[in-house]
Amino acid sequence: MAAATAAGAAAAAAAISLFAYYLLLRKSGSKLPWTLTTRANGRRTRRKGLMQAIGNTPLIRINSLSDATGCEILGKAEFLNPGGSVKDRVAVKIIEEALESGVLVCGGVVTEGSAGSTAISLATVALAYGCRCHVVIPDDAAVEKSQIIEALGATVERVRPVSITHKDHFVNIARRRALEANVASTQSETNKMQTNGSAHVTVEMLHPKQTNGSEYANTEVPHNGKLCPDSGSKGGFFADQFENLANYRAHYEWTGPEIWEQTKGTLHAFVAAAGTGGTIAGVSRYLKEKNRNVRCFLMDPPGSGLFNKVTRGVMYTKEEAEGKRLKNPFDTVTEGIGINRVTANFMMAELDGAYRGTDREAVEMSRFLLKKDGLFVGSSSAMNCVGAVRVARDLGPGHTIVTILCDSGMRHLKCIFGNFVAL
């Protein structure tokens with residue numbers, strides 16, 4: 001019964017997203033799902049179609065937390081994006097920059113290793129850009145997420161969780177899948193050229209943005225004319241959300257400015273958890289540039305080393321330094337946040353401090369927000385709200401604190417709401 005309910009919820013979420021897409025297309029009256037205008041320097045200035053619905057999410061007052069703390073605690077309602085999460089912004093920015101640079105072409109496949117939300121956003125956005133999507137996801141992630149990804153037409157590959165240093169970590173597998181797609185594209189083009197009496201094929205290294213120093217190589221084949229999504233393999237592009245700074249730029253150029261404008265520059269603090277680090281890096285850096293007095297904080301879940309990095313300059317605790325590190329430090333119900341390495345995106349963050357939360361706090365907060373405010377949010381959103389309360393208590397009444405409501409509880413029915421009684 002529970003499985004059926006979860007599957008039904010996932011299908012409903014996917015249907016809502018696709019229906020919103022349909023309404024946007026119908027309203028536009030255009031056969032093309034997207035168009036772009038550019039300046040003379042080639043920079044995009046305007047988005048249309050599905051991408052036009054991404055961003056400009058409301059900044060809502062969380063009444064229960066605000067009333068309890070005497071502060072104005074505001075949540076950026078990113079779950080209202082078409083793909084259902086803050087990752088829609090990242091997906092758009094990564095794909096746009098890849099298309100601009102030429103490492104991705106229309107009809108190509110975008111690959112990514114993701115615990116869920118980024119994969120859903122990429123699967124949604126890739127279609128609007130005429131691309132396909134292949135997602136590698138750890139098999140301990142919420143099943144609702146993989147069901148939605150499949151419903152959106154992406155290929156889903158579930159693998160066992162292992163260390164990032166392992167060749168079969170889901171991120172490393174996703175990188176290989178992009179390489180394989182490029183090899184397939186080269187072979188396909190070679191066959192065509194041989195058939196036509198031509199045999200000129202060039203092989204080049206992957207664009208630096210795509211590999212970030214990886215030893216993997218990409219095969220690029222010259223092409224003529226517009227590529228059609230249905231005309232065969234057009235190569236692969238590894239989105240690399242952890243190290244691709246398009247992630248950071250999405251929030252520095254987009255989310256941060258929205259928060260500043262919506263608060264009219266009156267906020268005192270911003271707090272958020274980090275997975276890839278893109279959100280907290282982009283927002284914190286932008287806000288600090290606007291006003292150095294805005295304080296920015298990390299909220300870290302159990303098992304993550306970022307709290308230690310921010311507060312002590314190292315990724316481990318004093319106990320772990322003595323050889324007592326837990327065998328499985330990521331035994332937590334939160335998803336998409338927490339990490340034991342410093343990503344290129346996180347390195348861009350400007351932080352004043354960090355807090356550490358617990359699973360119990362996150363689960364209880366998710367239930368509290370649902371009961372008191374009608375906010376049905378996921379584990380990362382709940383942890384962010386725990387962080388907002390911590391900041392409010394430290395700063396005292398009269399301050400304005402902003403956090404991110406990353407996604408809804410629809411994707412966390414089993415991992416969060418199913419574990420409430422157990423905790």
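Mentor: Two residues are in contact when they have heavy atoms within 4.5 Å of each other, and helices (H or I, at least four residues) and strands (E, at least two) are DSSP runs numbered from the N terminus. This is a predicted model, in which local features need pLDDT of at least 70 and side-chain atom pairs count only at pLDDT 80 or more, while totals for chains, interfaces and linings use all residues. Residues are numbered from 1 along each chain as its sequence is written, and side-chain values use heavy atoms, with hydrogens and water left out.

Start with α4 and α5. S117, A119 and I120 of α4 meet K145, I148 and I149 of α5, a contact made up by class of 4 nonpolar, 1 polar and 1 charged residues (Ala, Val, Leu, Ile, Met, Phe, Trp, Tyr, Cys and Pro count as nonpolar, Asp, Glu, Lys and Arg as charged, and the others, Gly among them, as polar). The axes of α4 (residues 117-128) and α5 come within 9 Å and cross at roughly 10°, where axes are lines fitted to C-alpha atoms, for helices over the stretch in contact, and angles run from 0 to 180 degrees between N-to-C directions. The two helices α4 and α5 are therefore roughly parallel (angles under 35 degrees count as roughly parallel, over 145 as roughly antiparallel, 65 to 115 as roughly perpendicular and the rest as oblique). Within α5 (residues 143-151), the residues E144, K145, S146, I148 and I149 are buried, buried meaning under 20% relative accessible area, exposed over 50% and partly exposed in between, with a 1.4 Å probe and protein chains only. Just after α5 comes G153, which takes a positive phi of about 95°.

The next pair brings in α8. Helix α3 (residues 87-101) and α8 have axes that come within 8 Å and cross at roughly 125°, so α3 and α8 are oblique to each other. The crossing in which α3 passes α8 is right-handed (left-handed if the near helix is turned anticlockwise from the far one by less than a right angle, right-handed if clockwise). From α3, the residues R89, V90, V92, K93, I94 and E97 meet A246, N247, R249, A250, H251, E253, W254, T255 and E258 of α8, and by class this contact has 6 nonpolar, 3 polar and 6 charged residues.

V92 lies in α3 and counts as buried, because its relative accessibility is 0%. Leaving aside residues up to four places away in sequence, V92 touches R47, M51, I54, V125, Y129 and W254.

Helix α9 itself (residues 278-290) has 13 residues and reaches 18 Å from its first C-alpha to its last, close to the 18 Å expected at 1.5 Å a residue, the expected span being 1.5 Å times one less than the number of residues. Mostly covered, α9 has 10 of its 13 residues buried, including I280, A281, V283, Y286 and L287. The partners against which these buried residues of α9 pack are α8 (246-262), β9 (269-272), β10 (295-300) and β12 (400-405).

Buried positions are found in loops too. In the loop between α12 (359-373) and α13 (379-395) sits V377, which counts as buried because its relative accessibility is 1%, and whose C-alpha atom is separated by 6.2 Å from that of S366, 11 residues away along the chain. H169, in the loop between β7 (155-159) and α6 (170-195), counts as buried at 9% relative accessibility.

As for the whole, the protein has 13 helices and 12 strands, and 53% of its 423 residues count as buried. Among contacts with a separation of 6 or more, 73% join residues 24 or more positions apart.
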